[in-house]
Amino acid sequence: MKKISIILLIILICMLCFVIHKINFINPNDSLSSSFINKKNQKEVTFWTLQMNDFSDYINKVINEFETANPGIKINWIDVPFSEGEKRTLASVLSDNPPDLINLNPDFSALLAQKDALYKIEKIYTEQFVPQIIDYLKYNGEIYSIPWYATSAITIYNKNLFTKAKVNVPNTYEQMGQIAEQIKNKTGAYIWLPNLSENDTMLKILNKYGINSDYNINSPKSVEVFEFFKKLYTNNLIPKESITQTHREALEKYMSENIAMFQAGANFLNMIKENAPMTYKNTDVSNQMTAETGQYDFSLMNLIIPLKAKHKQEALEFALFLTNTENQLELAKLTNIIAVNKKTLKNDFYTKYDENDLMAKARAISAEQLTEIKPAIKPEKNQKEITILINSAIQEVLLNKQDTRLILDKLSENWRLLSNNNKTRPKEASQTLPVR
């Protein structure tokens, strides 16, 4: 029995020596050993998106491809509900352990940049992205985010109503005002429900006239623009709900043919097709309405890296991979968003379409509009509060609460206080500032 125990002990020692020998002389090219080493040394990048779960197959595919090409990096993807995005992001960037890469909108990203909470991206990747968008994302001349995808509203209109009224689809707000009465008289429908106090709708309209600061918000041109919408409202040429309702109500009115046109992203065409097929048959698309500058507005989602992130360089590498030519095109085909990658926008997907393919036509129009987005509105300190002030002002003007000039003078002063703009105002600035 004693001999058997000694033999077993010798066998155990030999096996242990063999294992130690194999570990010491492990072949680094061996796939199993490489996997062991890589996992031990991997850097885990935490990536937050906003409500992208519907496209989980795409996101996971991109992650797998990136991890295969970069075995030293693992991506931990977490999808956050859109309504919780800003709250959770703010809490995370103030902590010592934030995510490494976060999907946000530019306004909130600018707010975080103002608070010195974001990593400054030293190299600006202008060769990869639309230059106008890179310029839009700059804060104090520096860039703190990478653009991911954009949308640019188009005019969705009812061909039958315009034919019945014997008028053309307007290209500008002025043209819209000129035909509004004829549309109403000939069809019984309003021409448009502009949702003037929803989000930054009014701010974007004003920007198309070159009105985008506390210095010229009470200029003669600004008074003219506010009075223009007041006239339409007072004469019942746009619905009374224009100062309270959102684009969702405008969509419903379009589908029921109570308004002749609707300005929104191309993705709304699918909703019209599914919920109002007869209206969809009578639908066509055109460019978004413009004003004196001839520019278009757009919306953007971007990617930011918190200053306290542990893996900044790896997060940047993944962000650039996520927005490369191929991945942008694949996402666009799944979602109908507009790519921000220059090469992707040159693809046939954005440049060619059959006139009968409404979605393709809308996509091409939206993509083309991205080249005419200057001067884009630069997010300011307290931008959300400034937007609320503008929305309150348009409501007061339309409801004739006070003289328009007095309302805009008060708006100008409150805007300046919010943006902490203590610079000396140019003499007679409201009369002399040029409109771009």
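1. Confidence. The protein chain has an average pLDDT of 87, and 86% of the residues score at least 70. Two stretches call for caution. Over residues 19-26 the pLDDT stays under 50, and the model shows one contact for them beyond four places in sequence. Residues 28-34 also have a pLDDT below 50, with five contacts beyond near neighbours in sequence. Where pLDDT is low, the predicted coordinates should not be read in detail.

2. The six-stranded sheet. An open sheet of mixed pairing is built from six strands in the order β2-β1-β3-β10-β6-β11. Its edges are β2 (73-80) and β11 (338-339), each of which pairs on one side only. Strand β6 (residues 145-151) runs antiparallel to β11 and is joined to that strand by two bridges. Within this pairing, Y149 has A339 of β11 as its bridge partner.

3. A helix on the sheet. Helix α14 (residues 312-322) packs on the sheet and touches β1 (43-50), β2, β3 (101-104), β6 and β10 (299-304). The direction of α14 makes about 50° with that of β1.

4. The β7-β8 pair. Strand β7 (residues 154-158) pairs with β8 in the antiparallel sense over four bridges.

5. The α19-α20 packing. Helix α19 (residues 383-398) packs against helix α20 (residues 404-418) at an angle of about 170°, and their axes are 10 Å apart. Angles over 145 degrees count as roughly antiparallel, and α19 and α20 are therefore roughly antiparallel to each other. On the α19 side the contact is made by E385, I386, L389, I390, A393, E396 and V397. The α20 side contributes T404, I407, K410, L411, N414, W415 and L418. By class, this contact comprises nine nonpolar, two polar and three charged residues.

6. Positive phi values. Most residues other than glycine have a negative phi. K166, which is not a glycine, has a positive phi of about 60°. K166 is found in the loop between α7 (159-165) and α8 (173-187), and is exposed, with a relative accessible area of 74%. E257, also a residue other than glycine, has a positive phi near 60°. E257 lies in the loop between α11 (247-255) and β8 and counts as partly exposed at 31% relative accessibility.

Definitions and conventions. Residues numbered from 1 in each chain as written. Predicted model: local features only at pLDDT ≥ 70, side-chain atom pairs only at ≥ 80, totals over all residues. Heavy atoms only, no water. Pairing = 2+ DSSP bridges. pLDDT = per-residue confidence, 0-100. Contact = heavy atoms within 4.5 Å. Axes fitted to C-alpha atoms, helices over the stretch in contact; angles between N-to-C directions. Parallel < 35°, antiparallel > 145°, perpendicular 65-115°, else oblique. Nonpolar A, V, L, I, M, F, W, Y, C, P; charged D, E, K, R; others polar. Buried < 20%, exposed > 50% of the residue type's maximum accessible area, 1.4 Å probe, protein only.
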